[in-house]
Structures are given as structure tokens and as C-alpha cells.
Amino acid sequence: MRTVHETSAGGLVIDGLDGPKEKQVAALIGRLDRRGRMLWSLPKGHIEMGETAEQTAIREVAEETGVQGAVLAALGSIDYWFVTEGRRVHKTVHHYLMRFLGGELSDDDVEVSEVAWVPLSELPTRLAYADERRLAEVAGELIDTLQTHGPQALPPLPQMAPRRRPQTHSRTRSSRRRDDSAAHSRGEGRERGAANSSGRRTNGCGKGP
């Protein structure tokens, strides 16, 4: 069975970073799994040719949530394996902490069922996947550092060159999303998953989680 390596990037966009933590909210996306359950996760997508991981995170957040964000720090990476279309896929997803810049939530992306601003304190119970819950914990620590010592105290962003070749995606864009959700929720084909270590905000749609 041929092994394929795929790389994606995404972000945790926080609004209210200059205020108290209890008032901070994060933009999440919701997708229905095959059993009709709403699974909440961080926006993410494939790194396209000519993009860095940071640029992809900004683009994917805008496409999937409707809001604009600026990258502040790396949260870490998640990697896992799954099998699809006769191929064994090793997927790595780079995640970033991002500051909300502006825009309104929108679920216009066909791959997204709902979008919502979720209080930072609720991320451990809202996020469907354990790996992303661990990234939310890292985000909380970075936010404490940001508020206590300023942006200069945040760890420097890892240097990543733009992708020079197109990726061989395991599926088309829309079906890939369903495959990712299924792989996370059921653990099928998954061998390992690890987390390494202001504008106007409006809830544009849905009633939220």
C-alpha cells in the first residue's frame, strides 16, 4: 500500500485578548459526522503550493469562519494516520494562536455546518478531539504569557519555507473533510495523534454549540 504524506495548517482565533480571560472567545467550526452528531473543531486545511503554514492558517480561518486573524505564536502540531482509497496517509496539521482582527462569522463554506464564538473556558468540553483540547491548553498558557509579559515574550515562530510542490490530496476538498472527521471520531486507521509542543465581532449564523 502506497504511503502519502499530507500537510495542513489551521488556527485558534481569539477575540478579546486584551481583556480578561473570562470574556475571551474562540472561533470554532462544526461539522456533522456520519451519525448526525455535531463535532466542533479548529478551522484548518491543506497547505497549497506557494504558501507557508502561517499563510494557510490565515486563509483557512477566513474561508471557513468568515473572520480575519493574525498569527501570534505556534500552538504545536498534530499528526495521525488513516487509510483511504487504497493509500496509507500520514497527515500533519500545524496550528497557530491567532488574534481576531475583524469580520463576521459565516457558515457559507460548504464544508462547514455551523460556526460559533465559544468562551475560552468552554473549549475543553466543546472541542471534539483530544489533540485539539491539548492545543487549547497550550493556547491558555500562551495567552497568560502575552497578557503578563507582552508579545515579545511569546516564543518565536518556527521558520517554514513556502510549499514548492502541489500536494496529492487523499480526497477532494469536501470529501476530505468528512474523512478527517470520521478518522478523528472513530479512530479508524489512526495509529498516532500527538500535540507537540480589533474589529467588530458578530455571531453571523447558527445558535452555537
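Where is the place of Glu85?

Analyst: Glu85 lies in the loop between β5 (67-84) and β6. The model is a predicted one, in which local features need a pLDDT of at least 70 and side-chain atom pairs count only at pLDDT 80 or more, whereas totals for chains, interfaces and linings use all residues. Residues are numbered from 1 along each chain as its sequence is written, and side-chain values use heavy atoms, with hydrogens and water left out.

The phi of Glu85 is near 50 degrees, a positive value in a residue other than glycine. Most residues other than glycine have a negative phi. At 52% relative accessibility, Glu85 counts as exposed; exposed means over 50% relative accessible area, buried under 20%, and partly exposed in between, with a 1.4 Å probe and protein chains only.

Helices (H or I, at least four residues) and strands (E, at least two) are DSSP runs, numbered from the N terminus. The side chains of His94 and Ser77 are joined by a polar contact of 2.7 Å. Such a contact is a pair of N or O atoms within 3.5 Å; within protein, one must be able to donate a hydrogen and the other to accept it, and residues adjacent in sequence count only if both atoms are side-chain atoms. Leaving aside neighbours within four places in sequence, His94 is in contact (heavy atoms within 4.5 Å) with residues including Thr7, Ser8, Ile47, Ala53 and Met160.

His95 is also placed in strand β6, and at 2% relative accessibility it counts as buried. Not counting residues up to four places away in sequence, His95 touches, among others, Leu42, Lys44, Ala74, Ile78, Glu132 and Leu135.

Beyond residues up to four places away in sequence, the contacts of Leu97 include Leu12, Ile14, Leu75, Ala139, Leu142 and Ile143. In soluble globular proteins, nonpolar side chains tend to be buried together.

Beyond β6, Asp109 has its place in the loop between β6 and β7 (114-119). Asp109 is buried, with a relative accessible area of 13%. The C-alpha atoms of Asp109 and Gly66 are separated by 8.8 Å, although these residues are 43 residues apart along the chain.

The average pLDDT, the predictor's confidence in each residue from 0 to 100, is 84, and 80% of the residues score at least 70. Over residues 172-183 the pLDDT is below 50; beyond near neighbours in sequence, this stretch has 30 contacts in the model. Residues 185-209 likewise have a pLDDT below 50, with 69 contacts in the model beyond near neighbours in sequence.
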